[in-house]
Every structure is written in C-alpha cells, then in structure tokens.
Amino acid sequence: MRKCLPGFTIAVATASLIVLSGCDGTPVETSAAGARAPTPAAQEFSGQVDVGGGRKIFLHCKGSGSPTTVLESGFHDSSDTWNVTDTRPPVPKSPAVFPGVAMFTRVCEYDRPGTVRHEKPPALTARSTPVTGARSLTGMVSDLDKVLTAAKVPGPYLLVGHSFGGMVTRLYAQLHPRQTAGLVFVDAFGTNMKPFFGKDWTAYLELLNHPGTALDAKRGFETIDVDGAVEAVTRAPGLPDVPLAVVSKTKPFAVPPGTPKSLLVSLERAWPKVQQALVNLEPQTPHFLATGSDHYVQIHDPDLTIGAIRLVVGRVNNGP
C-alpha cells in the first residue's frame with residue numbers, strides 16, 4: 001500500500017487488512033453499500049441471500065446491461081476493496097471500481113465468510129454467515145454459484161478476480177463454462193508458484209493463512225487449502241474460449257514486519273511468471289501494467305481496472 005497510509009497493512013500476495021483513512025487522516029474515497037433492504041433484482045440490490053444449509057451471503061448488485069460483471073476479492077478481503085480508492089495524480093480518486101463498472105453494465109460483489117470489513121478497527125464481516133475450518137476452492141466456487149443462482153443474477157458472467165480471487169473465478173469458469181462470458185485477472189494468484197519457493201513453500205502458505213494480526217485468532221477467520229486449490233484448478237476442464245485481460249502490479253508486495261527475506265525474494269521472483277502464465281491462458285490477451293501500483297491495483301489504479309473490464313465487456317458484446 002502507499003507508505004503514507006496509517007494503521008497496518010498486510011499484503012502477502014493474497015492478504016491485506018487496511019485501515020481506511022488517507023494521509024491527512026480523512027476517510028479514503030468510498031462508496032461501499034450499507035445494509036439496505038433488497039430491491040427487485042433489476043434494480044439495485046443490497047442484502048443477504050439465503051444459500052441454503054442455514055447460511056446467508058451478502059450480495060450487492062447495481063447498474064444495468066450485459067454481461068453481468070462479478071467482482072471476486074482476494075484472500076481475507078471482503079467486497080469493500082472494490083469500493084475504495086487511494087490514488088495519486090494523474091489517477092482520479094473516483095469512481096471506485098464497483099460504482100465505475102455500474103455506469104456501463106450490471107455489476108455484483110459479495111462477502112465471502114470470514115473476510116475483513118475495512119472499518120476502524122478492521123473486523124470480520126457480519127454480513128455473511130461464518131464457517132469454520134480451512135475452505136476448499138471447490139466450496140468457495142460452490143458458494144459463488146449458489147449466491148448468483150439464489151439471487152437470480154442473470155448470466156453469463158464477466159468474472160473479475162483479484163489476487164486469490166482469481167483462483168475462484170478461474171475454477172468457476174472451468175466448471176461453469178456456459179455461465180462464463182469473460183475473465184479479468186487483477187494481479188491474480190496462479191497455479192505455477194510453488195516451484196519458486198522450494199523449501200519455503202510451507203512457510204509461505206502459513207503466512208497467507210495466518211498473517212499475524214489479532215483477527216487471525218477470530219473464529220471463522222478465512223483460511224484456505226491452497227495446495228488443494230491448485231490441484232482443483234489443474235484437474236478441472238480447461239477454460240472456455242472467452243475474452244480475457246490481465247492487470248498486474250509493478251511495485252513490490254507490502255509484507256508484515258519480520259517476514260523472512262527469502263520469502264519475499266521468492267515471491268517477487270515468481271510473480272512476473274505467474275502473471276505471464278495467466279496472459280497465456282487465452283489468445284490475444286491484453287496485459288496491463290499498473291505503473292506505480294502495489295498488489296491492490298483496484299485501489300491504486302481504479303480507472304485502469306475499470307478500463308480493462310470495459311474492454312472485455314466490449315469484446316464480449318461485439319464478438320462473434
């Protein structure tokens with residue numbers, strides 16, 4: 001994150017907790033939805049959706065048009081990251097990604113259980129029913145399918161995944177090809193990282209799941225079986241033939257104090273290869289480099305992120 005942000009920041013490829021105030025102590029630009037009563041699906045919708053099994057998941061949809069864009073946040077992040085900005089000129093501070101995309105198509109975001117609301121102090125979301133234990137990627141994809149189906153969100157979907165959210169959207173596309181119109185990976189996690197870490201891989205996974213904050217110990221704090229996730233993507237059918245775009249950071253990851261240097265070195269060495277592998281998934285995939293941005297490209301370069309989504313929307317609607 002920007003060095004001037006107060007509070008604490010954790011961004012270990014997929015995890016971040018952010019205190020949302022600017023360099024002068026004022027709130028960062030935000031348009032996050034409050035808990036309002038749901039309105040008809042064709043209009044703005046903000047509320048809990050019953051997904052069965054005694055569970056509810058918070059969903060927020062806005063705008064009109066096709067394809068419906070679905071925003072998937074990174075490890076530990078609630079949907080708040082799509083509604084805040086922290087920019088420097090010439091990058092405009094508004095709109096944030098969610099309201100920006102709502103200007104030209106239907107867009108939805110949701111809170112995975114155990115993810116972090118960007119409040120003061122940060123807290124686990126109370127908007128989606130908590131779950132315990134390490135989550136499987138297939139279970140996370142099932143939740144996404146259930147909430148979209150139960151809320152009758154019209155498909156097919158343009159899936160936008162930040163960080164580990166890219167693994168969720170990728171497996172969803174592989175398992176639900178007819179419901180997938182396109183993909184945008186925003187500095188997303190990949191399946192080819194493990195070889196770059198060698199003996200440090202286990203330590204890296206531990207750091208992802210337990211980044212060292214007070215929230216780590218909270219019941220229901222999101223943890224994920226990362227090795228199982230990589231295996232699930234590898235074993236699933238290939239991606240459907242859909243338009244794709246990749247947006248990648250250029251600045252180093254922000255990591256917790258005390259992180260072994262070897263982990264950071266391995267991470268930075270792996271990341272360009274991870275991004276290129278995503279570009280290679282589909283032919284003629286544009287690759288946008290967010291100059292001056294760290295891992296949270298949607299916060300530091302919201303207009304670039306919106307532009308990549310708009311490009312894929314155009315390719316979906318104007319394609320054969």
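Colleague: How many helices and strands does the protein chain have?

Modeller: The secondary structure comes to 9 helices and 12 strands. Keep in mind that this is a predicted model.

Colleague: What share of the residues in the protein chain is buried?

Modeller: Of the 320 residues, 57% are buried. Look at contacts too. Take those between residues at least 6 apart in sequence: 75% of them join residues at least 24 apart.

Colleague: Now the sheet. What holds strands together, in general?

Modeller: Strands of a sheet pair through backbone hydrogen bonds, either parallel or antiparallel. Here there is an open sheet of 8 strands. Read its order as β2-β3-β6-β4-β9-β10-β11-β12. The pairing is mixed.

Colleague: Which strands stand at the edges?

Modeller: β2 (45-52) and β12 (287-290) do. Each has a single partner strand, so one side of each is left without a neighbour in the sheet. The twist averages 25 degrees from one strand to the next.

Colleague: How do I read the pairing around β6?

Modeller: Take one partner at a time. Strand β3 (residues 55-62) pairs with β6 in the antiparallel sense, over 4 bridges. There, Lys62 has Val107 of β6 as its bridge partner. β4 pairs with β6 in the parallel sense, over 3 bridges. Leu71 has Glu109 of β6 as its bridge partner.

Colleague: Which way do the residues of β6 point?

Modeller: Strand β6 covers residues 107-110. Val107 and Glu109 point one way. Cys108 and Tyr110 point the other way. All of them are buried.

Colleague: And at the β12 end, in what sense do β11 and β12 pair?

Modeller: Strand β11 (residues 244-249) and β12 pair in the parallel sense, over 4 bridges. Val247 stands opposite Phe288 in β12.

Colleague: Which strands does α7 touch?

Modeller: α7 packs on the sheet and touches β10 (180-186), β11 and β12. Its direction makes about 165 degrees with that of β11. Helix α9 (residues 302-318) also packs on the sheet. α9 touches β4 (68-72), β9 (157-162), β10, β11 and β12. The direction of α9 makes about 160 degrees with that of β10.

Colleague: How do I describe two helices packed on each other?

Modeller: Two packed helices are described by the angle between their axes and the distance between the axes.

Colleague: Which residues make the contact?

Modeller: From α2, they are Leu137, Thr138, Met140, Val141, Leu144, Asp145 and Leu148. From α3, they are Met167, Val168, Leu171, Tyr172 and Leu175. They divide into 10 nonpolar, 1 polar and 1 charged.

Colleague: What is the general idea behind a nonpolar core?

Modeller: In soluble globular proteins, nonpolar side chains tend to be buried together. In this model, the largest nonpolar core has 55 residues. Those with the most contacts inside it are Leu59, Leu137, Phe164, Phe189, Met193 and Tyr204. Its largest share, 7 residues, comes from helix α7 (residues 261-279). Apart from it lies another core, of 21 residues, including Leu158, Val184, Val247 and Val313.

Colleague: Now the backbone. Which peptide bonds are cis?

Modeller: One runs from Ser94 to Pro95, with omega near 5 degrees. Pro95 is in the loop between β5 (84-85) and α1 (97-101). Another joins Lys120 and Pro121, where omega is about -10 degrees. Pro121 is in the loop between β7 (116-117) and β8 (123-124).

Colleague: What is the phi of Ser163?

Modeller: It is near 55 degrees, a positive value in a residue other than glycine. Ser163 lies in the loop between β9 and α3. Ser163 is buried, with a relative accessible area of 0%. Asp187 has a positive phi too, near 45 degrees. Asp187 is found in the loop between β10 and α4. Asp187 is buried, at 0% relative accessible area.

How values were computed
Residues are numbered from 1 along each chain as its sequence is written. This is a predicted model: local features need pLDDT of at least 70, side-chain atom pairs count only at pLDDT 80 or more; totals for chains, interfaces and linings use all residues. Side-chain values use heavy atoms; hydrogens and water are left out. Contact means heavy atoms within 4.5 Å. Helices (H or I, at least four residues) and strands (E, at least two) are DSSP runs, numbered from the N terminus. Ala, Val, Leu, Ile, Met, Phe, Trp, Tyr, Cys and Pro count as nonpolar, Asp, Glu, Lys and Arg as charged, and the others, Gly among them, as polar. A nonpolar core is a set of buried Ala, Val, Leu, Ile, Met, Phe, Trp, Tyr and Cys residues joined through side-chain atoms within 4.5 Å. Buried means under 20% relative accessible area, exposed over 50%, partly exposed in between (1.4 Å probe, protein chains only). Two strands pair if DSSP finds at least two bridges between them. Axes are lines fitted to C-alpha atoms, for helices over the stretch in contact, and angles run from 0 to 180 degrees between N-to-C directions.
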